[in-house]
Protein chains: 4
Amino acid sequence: MGTVTVWNENVHEMRDPVVAERYPDGIHGAIAAGLAADGFEVQTATLQDAQHGLTDDVLAETDVLVWWSHCANDEVSDEVAERVVERVQAGMGFVPLHSGKNSKPFTRLMGTTCDIKYRHGGETERVWVVDPGHPIADGLPESFEVPETEMYGEPYDVPEPDQTVFVSWFEGGEVFRSGLCYRRGRGRIFAFRPGHEAYPIFFQDEIRQVLCNAVEWAAPTQGAEAVYGEVKPQTDPDGGY
Amino acid sequence: MGTVTVWNENVHEMRDPVVAERYPDGIHGAIAAGLAADGFEVQTATLQDAQHGLTDDVLAETDVLVWWSHCANDEVSDEVAERVVERVQAGMGFVPLHSGKNSKPFTRLMGTTCDIKYRHGGETERVWVVDPGHPIADGLPESFEVPETEMYGEPYDVPEPDQTVFVSWFEGGEVFRSGLCYRRGRGRIFAFRPGHEAYPIFFQDEIRQVLCNAVEWAAPTQGAEAVYGEVKPQTDPDGGY
Amino acid sequence: MGTVTVWNENVHEMRDPVVAERYPDGIHGAIAAGLAADGFEVQTATLQDAQHGLTDDVLAETDVLVWWSHCANDEVSDEVAERVVERVQAGMGFVPLHSGKNSKPFTRLMGTTCDIKYRHGGETERVWVVDPGHPIADGLPESFEVPETEMYGEPYDVPEPDQTVFVSWFEGGEVFRSGLCYRRGRGRIFAFRPGHEAYPIFFQDEIRQVLCNAVEWAAPTQGAEAVYGEVKPQTDPDGGY
Amino acid sequence: MGTVTVWNENVHEMRDPVVAERYPDGIHGAIAAGLAADGFEVQTATLQDAQHGLTDDVLAETDVLVWWSHCANDEVSDEVAERVVERVQAGMGFVPLHSGKNSKPFTRLMGTTCDIKYRHGGETERVWVVDPGHPIADGLPESFEVPETEMYGEPYDVPEPDQTVFVSWFEGGEVFRSGLCYRRGRGRIFAFRPGHEAYPIFFQDEIRQVLCNAVEWAAPTQGAEAVYGEVKPQTDPDGGY
């Protein structure tokens with residue numbers, strides 16, 4: 001497969017020394033390193049880049065876009081968001097992480113609010129594989145723990161997913177469908193919950209495994225020809241009605 | 001159930017004498033009459049009304065919004081479109097007809113282009129029930145003919161539907177998934193293909209039966225409480241982490 | 001709607017004094033009382049009845065079959081199981097509870113093993129509504145607790161459901177998709193997890209609410225005509241090829 | 001990927017000289033040749049072999065089972081059918097063709113009657129790609145014609161599919177969902193309609209392309225660990241309740 005682009009708003013890292021220390025190369029750097037270690041060709045882009053680093057050229061060469069965002073979802077321009085949406089519809093894979101669920105591209109692709117409940121404080125999450133035959137679960141144990149994280153709780157206002165791969169259990173009593181598959185047009189979308197900026201989640205082995213699997217799964221396939229617009233009848237191509 | 005609002009762009013009727021003769025009370029009038037005859041409480045609204053007739057008050061009292069549009073999809077204001085989307089997410093049923101598939105509310109709820117192929121000319125469509133146990137098919141024969149219509153052909157660029165109720169056969173060699181069910185948030189959506197302005201389709205018995213069934217199916221239900229935002233733990237509501 | 005039949009293997013109640021005291025009228029009696037209190041016309045049947053109480057006549061007049069079973073799933077005759085399956089395919093609603101997931105009718109309708117993990121011991125379950133707009137969640141709080149129960153944990157080997165209505169959290173660290181909707185033929189199926197014989201779960205208000213909602217949801221609808229077998233062409237009914 | 005096993009009841013070929021001439025190496029031979037030409041490792045098995053050629057050993061080494069059957073569906077032993085079902089649940093891909101929809105393994109995996117309507121006579125089928133982004137459609141035109149075939153018409157009594165890849169149009173006025181994806185357990189299933197014994201359908205390029213794509217798509221993936229049965233709590237592995 002081709003290039004994976006890891007996009008990060010890169011705001012917490014610049015403002016908060018704790019996050020900067022946790023992710024010295026940015027969250028995008030940590031994610032990219034995990035993917036590169038597995039052999040993927042990876043590049044990164046951030047909110048601060050011109051056009052957020054997501055020009056037509058970059059998107060055209062991107063097979064899968066991994067997206068981390070949180071506090072700056074509203075700062076993404078409508079134009080770039082729309083460009084991402086159109087590229088997904090045309091076949092690019094899209095893997096929004098954590099609060100990337102609130103990003104403009106994801107909410108536009110879902111058509112719902114993507115609302116959740118949440119709680120800060122660093123409690124334990126246990127991520128359960130509920131679809132052990134799914135390729136995004138390749139090589140995983142039946143469950144794994146994220147020792148400290150922000151809690152996300154149901155209801156999660158998204159359309160009924162094509163497949164539910166993971167469901168998370170939280171120490172405080174909540175559950176969350178934390179790995180969901182969708183398709184929009186020719187594009188594959190995998191929304192993955194874990195990944196708060198304050199914890200070293202993107203250095204965790206199981207998380208890196210999930211991201212490699214997700215990128216592999218979301219890569220475009222050739223597909224069939226598709227013709228839209230006005231057409232002649234099949235039964236009499238030279239005629240009409 | 002409560003009020004059904006039938007919305008029509010009402011443009012062809014004003015410009016084209018053939019359409020005006022075909023639908024002397026407008027397409028909205030014909031649809032509303034069919035629903036009223038079945039006992040529904042119905043009101044109508046059109047593009048030309050202030051706020052297209054879809055004010056907060058009108059939407060608040062609307063249980064199901066039936067939507068016909070074609071040539072004026074772009075003339076619907078973004079503000080009204082967004083208001084419809086939010087009301088669907090909050091529970092209002094939504095039944096886009098014919099080119100209502102290209103309307104702003106429907107494409108925003110789907111997250112896809114909703115592109116199709118098409119052909120004018122008045123050929124025959126045979127609508128097949130592929131899910132005979134579905135309530136939207138209540139009381140229908142296994143198939144019925146629309147004698148003259150515009151053709152819509154696959155691929156239809158929409159997300160995989162929750163249920164496919166109807167698939168149409170066209171004289172010229174095409175097929176189309178012509179009755180599709182979705183949910184977004186608390187709202188139920190039924191996209192129904194038939195209904196070109198040049199043919200008396202909304203006076204046809206089977207079409208009227210489908211619309212009555214669809215409105216019944218799409219009506220809001222009570223549902224459960226839903227809490228979003230920051231919350232205390234279930235396991236220790238007074239404490240935290 | 002018509003008659004609801006509540007079926008129970010009725011074995012624990014006969015063997016175990018604790019269960020007999022907990023459910024003096026049997027589990028079927030407790031479930032039937034909850035439904036009757038909500039206005040449904042209810043009858044009961046058990047494994048010990050001739051043909052397990054599920055004769056052709058009983059099934060023909062049954063709109064929805066609620067099914068509780070656990071230790072005696074293998075004692076249900078293949079003939080009766082097949083009869084139930086065929087009646088579901090023809091439109092009867094089916095609501096398997098607890099280990100009814102291992103019953104012959106449910107596993108035949110699913111085509112999977114329906115395997116789970118489990119633990120006895122009476123720990124706490126919190127049932128979360130993940131689809132607050134679904135009619136089976138009508139009138140419920142966003143979550144409710146079952147104070148003591150047997151744990152069921154993922155993975156739950158069932159086909160991807162049409163809708164996931166409930167997901168449960170367990171004190172011991174597991175999660176479970178505890179309310180799942182399916183359709184087979186014209187029949188609606190709702191598999192609901194709670195309900196161990198050792199705890200007074202079927203006297204709990206929220207559980208009774210769910211069962212009333214589920215029975216309402218699973219009731220048959222009229223649907224459309226369906227013709228199977230050899231047919232003449234639509235385009236030339238008198239001719240052929 | 002590993003071995004593809006092509007199974008054929010091989011009855012028409014033995015009884016009917018027209019079929020024998022059409023498929024001199026059997027339908028299984030024609031299908032196997034098409035797959036082998038694309039680089040797959042292929043073996044064949046037929047109803048007449050001991051255990052229908054589907055022993056534990058054969059199934060254990062089979063990654064994808066392609067299945068053609070028609071008039072002898074009832075002659076497949078329950079034991080072999082059950083073995084195939086269990087192997088699919090454990091991960092083997094399964095591709096039933098034509099009346100393989102009535103085979104014991106497929107109907108058991110679906111939990112429905114799989115009934116259809118049909119007509120003999122050699123009319124034209126046009127197979128439309130309705131999901132152009134699906135890998136089973138890789139490299140196909142937007143539609144292709146099967147010049148002469150048996151008609152299958154809706155309603156097709158199967159569960160709502162995970163994805164609908166193809167819908168067929170028939171000269172006589174019917175439509176059919178002719179390429180449907182399912183999963184049961186870890187196994188992927190693709191039910192494909194075309195392929196009557198009297199016509200050279202399995203020599204047609206587009207059909208061969210679909211079968212190669214389907215086999216590739218249905219191949220097992222590694223997946224995650226899955227633990228079933230009685231377990232200790234995650235929160236206190238040494239304790240209990």
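In this predicted model, a network of salt bridges links Asp78(A), Glu82(A), Lys104(A) and Arg108(A). Over all chains the count comes to 48 salt bridges. Side chains of opposite charge can pair when their charged atoms come close.

| Salt bridge | Closest N to O | Relative accessible area |
|---|---|---|
| Arg108(B) and Asp78(B) | 3.2 Å | Arg108(B) 30%, Asp78(B) 45% |
| Arg177(D) and Glu154(D) | 2.8 Å | Arg177(D) 5%, Glu154(D) 1% |

Take chain B. Arg108(B) and Asp78(B) form a salt bridge, with the closest N and O atoms 3.2 Å apart. Arg108(B) sits in helix α6 (residues 104–110) and Asp78(B) in helix α5 (residues 78–89), so the bridge ties together parts that are 30 residues apart in sequence. Arg108(B) is partly exposed, at 30% relative accessible area. Asp78(B) is also partly exposed, at 45%.

Another bridge in chain D pairs Arg177(D) with Glu154(D), their closest N and O atoms being 2.8 Å apart. It links distant parts of the chain: Arg177(D) is in strand β8 (residues 175–184), and Glu154(D) is in the loop between β6 (143–153) and β7 (163–170), 23 residues apart. Arg177(D) is buried, with a relative accessible area of 5%. Glu154(D) is buried too, at 1%.

Next, a helix of chain B. α3(B) covers residues 26–37, which is 12 residues. How many of its 12 residues are buried? Nine are, and the helix is mostly covered. The buried set is Gly26(B), Ile27(B), His28(B), Gly29(B), Ala30(B), Ile31(B), Ala32(B), Gly34(B) and Leu35(B). What do the buried residues of α3(B) pack against? Their partners include the strands β1 (3–8), β2 (41–46), β3 (62–68) and β4 (93–97) of chain B. The helices α1 (12–15) and α7 (205–218) of chain B are also among them. After α3(B) comes Gly39(B), with a positive phi near 100°.

Last, the copies. Two copies of a chain are related by a rotation about an axis and a shift along it. Chain C can be laid on chain A by a turn of 180° with a shift of 0.0 Å along the axis, at an RMSD of 0.0 Å. The two copies are thus related as by a two-fold rotation axis. Within chain C, Trp169(C) comes closest to that axis, its C-alpha at 3.3 Å. Of the interface residues of chain C, 100% are also interface residues in chain A, so the copies meet through the same surface.

Chain A superposes on chain B by a rotation of 180° with 0.0 Å of shift along its axis, again with an RMSD of 0.0 Å. Here Gly111(A) is the residue of chain A closest to the axis, at 2.9 Å (C-alpha). Of the interface residues of chain A, 100% are also interface residues in chain B, so these copies also meet through the same surface.

Conventions
Residues are numbered from 1 along each chain as its sequence is written. Chains are lettered from A and ligands numbered from 1 in the order in which they are written. This is a predicted model: local features need pLDDT of at least 70, side-chain atom pairs count only at pLDDT 80 or more; totals for chains, interfaces and linings use all residues. Side-chain values use heavy atoms; hydrogens and water are left out. Copies are superposed by least squares on the C-alpha atoms of residues with pLDDT of at least 70 in both. Contact means heavy atoms within 4.5 Å. Helices (H or I, at least four residues) and strands (E, at least two) are DSSP runs, numbered from the N terminus. The expected span of a helix is 1.5 Å times one less than its number of residues. Buried means under 20% relative accessible area, exposed over 50%, partly exposed in between (1.4 Å probe, protein chains only). A salt bridge is a side-chain nitrogen of Lys or Arg within 4 Å of a carboxyl oxygen of Asp or Glu.
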